[in-house]
Protein chains: 2
Amino acid sequence: MKQYVIIGCGRFGRSVAENLYKLGNDVLAIDENEETVQSISDKVTHAVEADATDENALRSLGIRNFDVAVITIGSDIQSSIMATLIVKDLGVKYVVAKAQSEIHAKVLYKIGADRVVFPERDMGMRVAHNLISTNILDYIELAPEYSIMEITALEEWHEKTLLDLNIRSKYGINIMAIKHGNHINVSPTAYDNIHKGDVLVVIGHNNDLKRLQK
Amino acid sequence: MKQYVIIGCGRFGRSVAENLYKLGNDVLAIDENEETVQSISDKVTHAVEADATDENALRSLGIRNFDVAVITIGSDIQSSIMATLIVKDLGVKYVVAKAQSEIHAKVLYKIGADRVVFPERDMGMRVAHNLISTNILDYIELAPEYSIMEITALEEWHEKTLLDLNIRSKYGINIMAIKHGNHINVSPTAYDNIHKGDVLVVIGHNNDLKRLQK
Ligand SMILES: Nc1ncnc2c1ncn2[C@@H]1O[C@H](COP(=O)(O)OP(=O)(O)OP(=O)(O)O)[C@@H](O)[C@H]1O
Ligand SMILES: Nc1ncnc2c1ncn2[C@@H]1O[C@H](COP(=O)(O)OP(=O)(O)OP(=O)(O)O)[C@@H](O)[C@H]1O
Ligand SMILES: [Ca+2]
Ligand SMILES: [Ca+2]
Ligand SMILES: [Ca+2]
Ligand SMILES: [Ca+2]
């Protein structure tokens, strides 16, 4: 089990902190805002009010003993950079930082961040892809040209087997799972039937996937 | 091709707007902040400065003719609720709204939002899952107990075939794709070899997936 410190508890930082704690980890949450600290205190191991740009404050919290630090200070770019520099200097091995823009990310990498994340940009891309077609429910980009998508079964597929539909050779995509209500079949065979309302999890080249979108 | 209006162009809204435009759609971006509008104007079809809580302003922009509205006003919950109510009243068929909290989401659904999204909360969950194990690169939750994960091939798998490893019956999971550098194999067969640095895209029950995490 690892020890995580989350610096900044906005919506993103709070979610990272709460989920790491739920997954059984030791989590210290730090924020300069008193109410924010209070509201997260029973969802993590410890929650402390401190200014993350104050090196002495972080040192006295024993930050150097943590395995991973996640800096999620958002709008205040200067504080995000200073906090990243300080935790790296104090000796935290793995530092993740949230960035606002490409240039912000570049600075964070230069000063030693091991990973930079863009939560709003990435979710914006996912939601845009979900919206363009009404049958796409979720989407992940695997490689520049390949994706995994969750799609609602087209009407012409209802009550047919995968063999009947021959989706693999007709569309060049693979069906990885079929969701039917609360049940999920993660090893679909050629003889599995597709029913109305089923959700298919498919993998393939973006050009082939496009042809499934209605 | 559909017509989208994005109301609020923070980091999330901007990403939704830019990606919808890149995907070939008609996109109107609205924000009350002048600089924000200027900075997005060449990345969407039209960008307009307006207060989204002003019904007359939205009406005169012809909002009712849009197929989809995405309300991404963030911190100001009252404005987010008012803007959602107005676009729904003006007759937009499909309205997506960003929420800060469960209670905010409930209000948005009550006043007619068709879909509510939590970008920071969802990305926080993804990042937390990615962090707990060093070989998990990406993660989507398919159903409460089932996920798709991208994992780095464990050392003991190098230079073995899927048949040798017998991962399906040993771990109860399915391998959906193998990424090798820039190449991606989306129909892996039993005779495909796994090499050092390969990334496997796997699907399965969370309990089974846990056993692959190192
Ligand atoms: N110097 C600092 N020390 C500690 N906490 C800080 C500091 N600066 C900002 N924070 C905290 O970081 C959190 C996130 O900051 P902010 O709300 O500006 O970012 P955001 O990107 O809009 O957040 P989100 O989108 O995750 O809600 C806030 O709770 C804020 O109090
Ligand atoms: N009444 C309004 N009319 C138009 N635009 C608005 C209104 N209120 C807020 N906005 C705009 O909405 C955008 C998002 O708001 P804000 O920055 O508070 O949210 P946020 O959740 O922190 O954003 P993000 O995390 O996506 O960066 C801002 O660009 C802001 O100018
Ligand atoms: Ca205080
Ligand atoms: Ca904000
Ligand atoms: Ca103005
Ligand atoms: Ca945000």
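Good morning. The model is predicted, so local features need pLDDT of at least 70 and side-chain atom pairs count only at pLDDT 80 or more, while totals for chains, interfaces and linings use all residues. Residues are numbered from 1 along each chain as its sequence is written, chains are lettered from A and ligands numbered from 1 in the order in which they are written, and side-chain values use heavy atoms, with hydrogens and water left out.

Let me begin with chain A. Chain A holds 9 helices and 13 strands; these are DSSP runs numbered from the N terminus, with helices being H or I of at least four residues and strands being E of at least two. The C-alpha trace of chain A spans about 70 × 35 × 25 Å along its principal axes. Its radius of gyration is 22 Å, whereas a compact globule of 214 residues would have a value near 17 Å. That radius is taken over C-alpha atoms, and the globule rule is 2.2 Å times the number of residues to the power 0.38.

What share of the residues of chain A counts as buried? The share is 52% of the 214 residues, where buried means under 20% relative accessible area, exposed over 50%, and partly exposed in between, with a 1.4 Å probe and protein chains only. Contact means heavy atoms within 4.5 Å. Among contacts in chain A between residues at least 6 apart in sequence, 52% join residues at least 24 apart.

I turn now to the interface. In chain B, 51 residues are in contact with 51 residues of chain A. The size of an interface is often given as the accessible area lost when the parts come together. Here the area buried between the two chains is about 4,400 Å², and carbon and sulfur atoms give 67% of it. Buried area is the accessible area, with a 1.4 Å probe, that two parts lose on being put together, summed over both. On the chain B side, R11(B), E120(B) and L131(B) lose the most area to chain A, together 17% of what that side buries.

Next, one position in both chains. Most residues other than glycine have a negative phi. E159(A), however, has a positive phi of about 60 degrees, and the phi of E159(B) is likewise positive, near 60 degrees. Where does E159(A) lie? E159(A) is in the loop between strand 8 (146-152) and strand 9 (160-161) of chain A. E159(B) is in the loop between strand 8 (146-152) and strand 9 (160-161) of chain B. Why does E159(A) count as exposed? E159(A) counts as exposed because its relative accessibility is 51%; for E159(B) the relative accessible area is 52%, so E159(B) is exposed.

Finally, two residues of chain B. A113(B) sits in the loop between helix 5 (102-110) and strand 6 (115-117), and counts as buried because its relative accessibility is 6%. Not counting residues up to four places away in sequence, A113(B) touches T84(B), V95(B), A97(B) and L108(B).

K179(B) lies in strand 10, residues 174-180. At 15% relative accessibility, K179(B) also counts as buried. Leaving out residues up to four places away in sequence, K179(B) touches L142(A), E150(B), I184(B), D198(B) and V199(B). The C-alpha atoms of K179(B) and A153(B), 26 residues apart along the chain, are separated by 10.0 Å.

Thank you for your attention.
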